[in-house]
There are 2 protein chains.
Amino acid sequence: MFESAELGHSIDDAAYRREVPALREALLQAQVELVRRAKFQVVILIAGMDGAGRGELVNVLNEWMDPRHIETWGMGDPSAGDDERPPTWRFWSVLPAKGKIGLFLGSWYTWPLLDRVWGRIKRGDLAERMQANARFEKMLVDEGVLVLKFWMHLSRRQQKARLESLSRNPRTRWRVTARDWDHHKRYEKLHKAAELTLTLTGTAEAPWMIVSGVDRNYRNLTIGRYILDAMRKRLSRKGPGRDVAPALPPPLPTIDNLHILKSLDLTRRTRKSAFKPALEKYQGRLSLLTRHAKFRDLSVVIVFEGNDAAGKGGAIRRVTAALDARFYQVIPVAAPSDEERARPYLWRFWRHIPDRGRIAMFDRSWYGRVLVERVERLCPPHDWMRAYGEINDFEAQLAAHGVVVVKFWLSIGKSEQLRRFREREATAFKRFKITDEDWRNRKKWNQYESAVCDMVERTSTGDAPWTLVESNDKNYARIKVLKTLCRRLEARF
Amino acid sequence: MFESAELGHSIDDAAYRREVPALREALLQAQVELVRRAKFQVVILIAGMDGAGRGELVNVLNEWMDPRHIETWGMGDPSAGDDERPPTWRFWSVLPAKGKIGLFLGSWYTWPLLDRVWGRIKRGDLAERMQANARFEKMLVDEGVLVLKFWMHLSRRQQKARLESLSRNPRTRWRVTARDWDHHKRYEKLHKAAELTLTLTGTAEAPWMIVSGVDRNYRNLTIGRYILDAMRKRLSRKGPGRDVAPALPPPLPTIDNLHILKSLDLTRRTRKSAFKPALEKYQGRLSLLTRHAKFRDLSVVIVFEGNDAAGKGGAIRRVTAALDARFYQVIPVAAPSDEERARPYLWRFWRHIPDRGRIAMFDRSWYGRVLVERVERLCPPHDWMRAYGEINDFEAQLAAHGVVVVKFWLSIGKSEQLRRFREREATAFKRFKITDEDWRNRKKWNQYESAVCDMVERTSTGDAPWTLVESNDKNYARIKVLKTLCRRLEARF
């Protein structure tokens, strides 16, 4: 795998000086187009061996192109705040917007590799984490991101020579740290881990480029040219600026028309006399649970989805009434901002993932992708078909980090919805809750029903199950929501 | 001050039920206008005594209005990540956008008050922090934010009765925490601290409303009506939707035309033979300083401003070459995003304030307000005149939190600029650096010079001094930048 990179490629200074001006100009032109059209972003990962010139490459690329549109991320050890959320969070938080180039020195590869080199994880764990990386990058690519990955290589001998030469010169001695020598001692381990990593994550959509790190001229030119070529090819594309792969036909409704929503008993109700004591009982339980010492170590993400007028807002308020306002946040999901539109669709949800000891309640959520966006044809079938897997990956990451993920579908019948729509229209201060869109959506009742069934079937997982809430009776629904939350938290304590 | 609030106001249930529907409808209408026009945001602070119904008020307001456009922030004790940056940072980070309402339960008042109640600070410290709050709110108001502040009051006796009544009922017992009783024991201290606070921060532009917290109906109606009235008055305004106070005339250029930029010796240079060793010497020193154990506890904010073509980018790259990419970030300041435009101008800089152990380099900065925005008349004189004080407050907060603030003005002569502009036009890969705007700015050379002099005079403070860098010779400038950074860090260690 690294044979060619160890050959000792080199370019003499005269040739380098001849080549660079044209390359610089072409790179700049490509970047100007990238910025102007802002159709996609470029994520460049610079990985490799210590001493292979990664830091220098960052400076060269910033010099060759317009650095105002390049974001360089070093990504050191997680800082205090980073540890509060799943590891991917900090990469999401700095994902560049369309039109920008993100240079990542240190990336989602760094910690799995170091964990393996220092023996903190087994080979199988490394493989699992690398598969997750490959899926993450697949999602980025599907979302239109141009992902370029460089592995800057040195053989063991080359690395030793490089570190020694830097150390000999008093002017460059400061560049060599104890960490570099520590890593050198573990060269073989890193070499093996890197081979597995590059094998598992060198995909067609985001291949690795292995580049010899020995000769500065060679590596700068090689990488510069590759970046230029990839940007140019991508810029020359017409249309949405990204590949939309053909998808198999979306799932068909079940032929006997029996489905999970039909199986709900919407006549369930909680009598008014039973409601108040039940409400206070479960609010009290929830309150105590969230004030429990163990609660400081976990966070909770609650998704509220449901038919229009199913009572999401009312259910949320019965939950918040039991909580200390310092520890929760309600996130209403409406039209994305321009910063959100410029990034993969999950970005706007990642930015609201709570830190430990906190609760985030999403009033509508990432499931919009497989509900409204599917039914209203706002994205092609391939995009919402892949979303099921992407969402499962997302929620699995939350769960793996100790986040309790609770998802409610508030379900009402078609005639109950009509009654509520009419009531809303008749009450002055409820009128804002009903729009033409609600009436339009209602006409597509069956299509939404299919979409909900597919969603539940494909995204109800052990870590993040859906709770279907019979909501024709608001009191019943509110108690079921509170009770479910209490039980999920009790199960965790 | 609290006499009226202790009188025991109350509204009976029948009257309450009669009043609420009309109020709800009117509030909703006002909110719909607020959202539609998105000219300003509303910040509502809900402070007061424990047991005065602050949490319930939040739920009521969310029920009366459209909660999708209300952001409720509890603001508990700072979490791990919050402590990395100045205390105001977390309020900045959640400041609502124009068109939104932010409900703050816990605010910039909470910690100073609690610190005083628990005897951690003296009365004078409380006064100082409250004056800072008043200045902060003045800035928000000047930026167009509608700031509404409610102090929900209970007398000592009323508080005791309330806590006891909640505790007696098994269904509401969970609402009373040990913290509430602890605070009750210190009622007198809080009462005194609150009086000082309300006195010092009850300004004409952001007055306090003191509301009796005893009777639920009374407090909900009182606060609801006040919010409605304030929103309506503000919505009825024409024009920019905010007050632009008249300002005294901006400073005139010095009459003898002698100023600080003229006093710079732009002929200073570093010979090529001396440059390389000096570069490596200071890069080495800087590298060691930033890898020092003490560096983990501080963060650095570096501002690069200067004439067009003065060499900011080149100077920045000579600094980054010495740094570990994991610990720095370069923030180029260009056109704001829509999320940024929807908030006070300092917001977009606060969001990039680094956590401990990190360096943020701003390629242009908040000083744009008093440079380009002043000279190009992008904002009225009153706005850039107040910016000097706001910027000093901002930087003082950084310094107080241990952030090293280093500010460079890279200065070149008018003829040197012309030479560089022409050189840029003649070199293919430098052409992107020169635009029509640069030529236009150049025509206003004298106006920019005045603006720079005023800026240096008004914002060079002991904690955040300006360093003027003679930059006709790039080598000299780069060494001076590196040397200054080293010295500032050494002074701190």
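Two residues are taken to be in contact when their C-beta atoms, placed from the backbone, lie within 7 Å. With contact understood in that way, the buried residues of helix 8 of chain A pack against helix 4 (110-117), helix 5 (123-142), strand 4 (146-153) and helix 7 (178-185) of chain A. The model is a predicted one.

## Chain A as a whole

Chain A contains 19 helices and ten strands, and its C-alpha trace spans about 85 × 50 × 40 Å along its principal axes. Of the 493 residues in chain A, 38% are buried. Among the contacts in chain A with a separation of 6 or more, 84% are between residues 24 or more positions apart.

Helix 8 of chain A covers residues 187-201, and its 15 residues reach 21 Å from the first C-alpha to the last, close to the 21 Å expected at 1.5 Å a residue. Its buried residues are Leu190(A), Ala193(A), Ala194(A), Thr197(A) and Thr201(A). Seen down the axis of helix 8 of chain A, these buried residues fall within an arc of 105°, so they line one face of the helix. An α-helix has 3.6 residues a turn, so residues three or four places apart point the same way. On the face of helix 8 of chain A turned away from the buried side are the exposed residues Glu188(A), Glu195(A) and Thr199(A).

Helix 4 of chain A packs with helix 8 of chain A at an angle of about 140°, their axes being 9 Å apart. That angle makes helix 4 of chain A oblique to helix 8 of chain A, and the crossing of these two helices is right-handed. From helix 4 of chain A, Leu113(A), Arg116(A) and Val117(A) meet Lys189(A), Leu190(A), Ala193(A), Ala194(A) and Thr197(A) in helix 8 of chain A.

## Helices 6 and 7

Helix 6 of chain A, residues 156-168, packs with helix 7 of chain A at an angle of about 160°, with 11 Å between their axes. Helix 6 of chain A and helix 7 of chain A are therefore roughly antiparallel to each other, and their crossing is left-handed. The residues that meet are Gln159(A), Lys160(A) and Leu163(A) in helix 6 of chain A, and Asp180(A), Trp181(A) and His184(A) in helix 7 of chain A.

| Helix pair in chain A | Angle and distance between axes |
|---|---|
| Helix 4 and helix 8 | about 140°, 9 Å |
| Helix 6 and helix 7 | about 160°, 11 Å |

## Helix 10

Helix 10 of chain A, residues 272-291, has 20 residues and reaches 29 Å from its first C-alpha to its last, close to the 28 Å expected at 1.5 Å a residue. In helix 10 of chain A, the residues Tyr282(A), Gln283(A), Leu286(A) and Thr290(A) are buried. Down the axis of helix 10 of chain A, its buried residues fall within an arc of 110°, so they line one face of the helix. What covers these buried residues includes helix 19 (474-492) of chain A, whereas the face of helix 10 of chain A turned away from its buried side carries the exposed residues Ser273(A), Lys276(A) and Pro277(A).

## Leu235 in chain B

Leu235(B) lies in helix 9 of chain B, residues 216-235. With 18 other C-beta atoms within 10 Å, Leu235(B) is partly exposed. Not counting residues up to four places away in sequence, Leu235(B) touches Ala30(B), Glu33(B) and Leu34(B).

Technical notes. Residues numbered from 1 in each chain as written. Chains lettered and ligands numbered in written order. Predicted model: local features only at pLDDT ≥ 70, side-chain atom pairs only at ≥ 80, totals over all residues. Helix = DSSP H or I, 4+ residues; strand = E, 2+ residues; numbered from the N terminus. Expected span 1.5 Å × (residues − 1). Buried ≥ 20, exposed ≤ 12 C-beta atoms within 10 Å, placed from the backbone. Arc of directions from axis to C-beta. Axes fitted to C-alpha atoms, helices over the stretch in contact; angles between N-to-C directions. Parallel < 35°, antiparallel > 145°, perpendicular 65-115°, else oblique. Left-handed = near helix turned anticlockwise from the far one by under 90°.
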